[in-house]
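Have a look at the model first.

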Amino acid sequence: MMAAAADGLGSIAIDTTQLNMSVTDPTAWATAMNNLGMVPVGLAGQQLVSDSICVPGFDPSLNMMTGITPINPMIPGMGLVPPPPPTDMSVVKEIIHCKSCTLFPPNPNLPPPSTRERPPGCKTVFVGGLPENATEEIIQEVFEQCGDITAIRKSKKNFCHIRFAEEFMVDKAIYLSGYRMRLGSSTDKKDSGRLHVDFAQARDDFYEWECKQRMLAREERHRRKLEEDRLRPPSPPAIMHYSEHEATLLAEKLKDDSKFSEAITVLLTWIERGEVNRRSANQFYSMVQSANSHVRRLMNEKANHEQEMEQAKENFKDALTGILTQFEQIVAVFNASARQKAWDHFSKAQRKNIDIWRKHSEELRNAHSEQLMGIRREEEMEMSDDESTDTPNKKMRVDESALAAQAYALKEENDSLRWQLDAYRNEVELLKQEKGQLFRTEENLTKDQQLQFLQQTMQGMQQQLLTIQEELKNKKSELEQAKEEQSHTQALVKVLQEQLKSAKELAETNGHSHEDANEINVLTVALVNQDRENNTEKRTQGLKSEKEALLIGIISTFLHVHPFGANIEYLWSYMQQLDSKISANEIEMLLMRLPRMFKQEFTGVGATLEKRWKFCAFEGIKTT
């Protein structure tokens, strides 16, 4: 039986004791295949799948992949399915014998069976064309040779779905597409069928594929993060918070030349954070002073480096001079060799080489000579008139700079001591004030509050009193005007009464009619009304000239654009730009003459009390 075979899809070793016909008899096999309507094929232990279309490292037992772990076929460049074999190469499929059935290969002249596009992470295949009498056991017997089967879902309509454990097993199952399956040795139609194996799309396969993709993405992100962390420059050390202890340690570090760079960074961070206050100002000032003390050290280091640079320039010039001397000697040797006394004894090739070497040496000598001349020209431009005293002058300049730095440092130290003394005095005064404030009792605080409250009430009463006084003045002026009008009207009435009496007497003596008397009464009433209108016009008429009318117009416009009013000084400063001879008193008198156009208001309290004029002509029109 096929249990003794090494592989159902690989090399076939058939146990002849279980078959009725001889394995080595090709005539019997040809007769059997002709009865099935199939073309006879070779038998002798050939592979079902050639090496060109098999997965590299594929074990013929179809139970394992040697040397290859399961790989996602959807990763670009990592697919399990190799490219199709060349068209000129024929693939020979063999008969596959199982325990309960036999699989006969398709006609090699027919085109290969078509398949759908492979879904990502596909582990499930569709198997159609099964015999009607095929059972799940027979299906498992046939397809378990392709790999471990996790599930078989068989339908009543001669097809099923098979799910494998790994993706590469699907490729082995696809190979069986097109085979004719026969159960036992029966020739009944229900016991035979042509298999069609194709990729199937399953949610479980896609879910597992997505999980693998997410895992690979996580691993890739982790790898990139590790790479970024490795390439990221180290972060600067954390700056400690300010405290008196840390400030003392920092002051010691600032005095140390080796730790100055680190300490000055911490000091700068503290100052930028706003740690400087009244209590810590002196301590910060001492640290700033310590930082300033390094200026002299840095100037000395700069002078030393400049001196080293000058020494290096001198060494370079000396070395270049020695090189140039040797070039001169080499060129002299070439020139001596080119003379006739020695030149005739050299061969033609030797002469050619000597000539080339001489030209090359002359070019190098000229280049070095130009470089040396350029260095000397630069030195001549930088040198002073007296070359002999150049070096002592430099030393004197260095000494002078050092003395100047020392003097500057002493001056800074003197200033710092003076500022510290002032700071101590200020602190003593502040302590005295704080001590005096501590001795103040709650009674003093309440008295101060009461005093402030009384001052505010007094200011409010003063403001109210001023407003009442202004109202009283206005009322008095109105009362006087009313009294004058009343006296005037009474005098006018008396005069008219006397005139009326005299007119009546004349009428009686002259014998005038009653109509004349009525005309006289009408005339007297008209005269009274005319007199009243003249009085009102005289009272309201306050303009004496065209200049006053112009001033009224300008002042009205100015106060109209100042809705909150303006004091007389502000108004006078504006009017003085137009007329330098006008005075503030004249403007105020003009405004007081027109109470219906301009009104005076008081704003502020106490010392901030201010008198403002406002334009109120529109309000006067509304009231009239």
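E601 is partly exposed, with 26% relative accessible area (buried means under 20%, exposed over 50%, partly exposed in between, using a 1.4 Å probe and protein chains only). This is a predicted model, where local features need pLDDT of at least 70, side-chain atom pairs count only at pLDDT 80 or more, and totals for chains, interfaces and linings use all residues. Residues are numbered from 1 along each chain as its sequence is written, and side-chain values use heavy atoms, with hydrogens and water left out.

E601 pairs up with K614 in a salt bridge (a side-chain nitrogen of Lys or Arg within 4 Å of a carboxyl oxygen of Asp or Glu). E601 sits in strand 9 and K614 in strand 10, so the pair ties together parts that are 13 residues apart in sequence. Helices (H or I, at least four residues) and strands (E, at least two) are DSSP runs, numbered from the N terminus.

The whole structure has 20 salt bridges, including these:

| Pair | Closest N to O |
|---|---|
| E314 and K317 | 3.7 Å |
| E601 and K614 | 3.1 Å |

E227 and R230 are three residues apart in helix 4; E227 is partly exposed at 32%, while R230 is exposed at 56%.

Now for helix 14, residues 568–576: I568, L571 and M575 are buried there. Its buried residues fall within an arc of 65° seen down the axis, so they line one face of the helix (the arc is that of the directions from the helix axis to the C-beta atoms).
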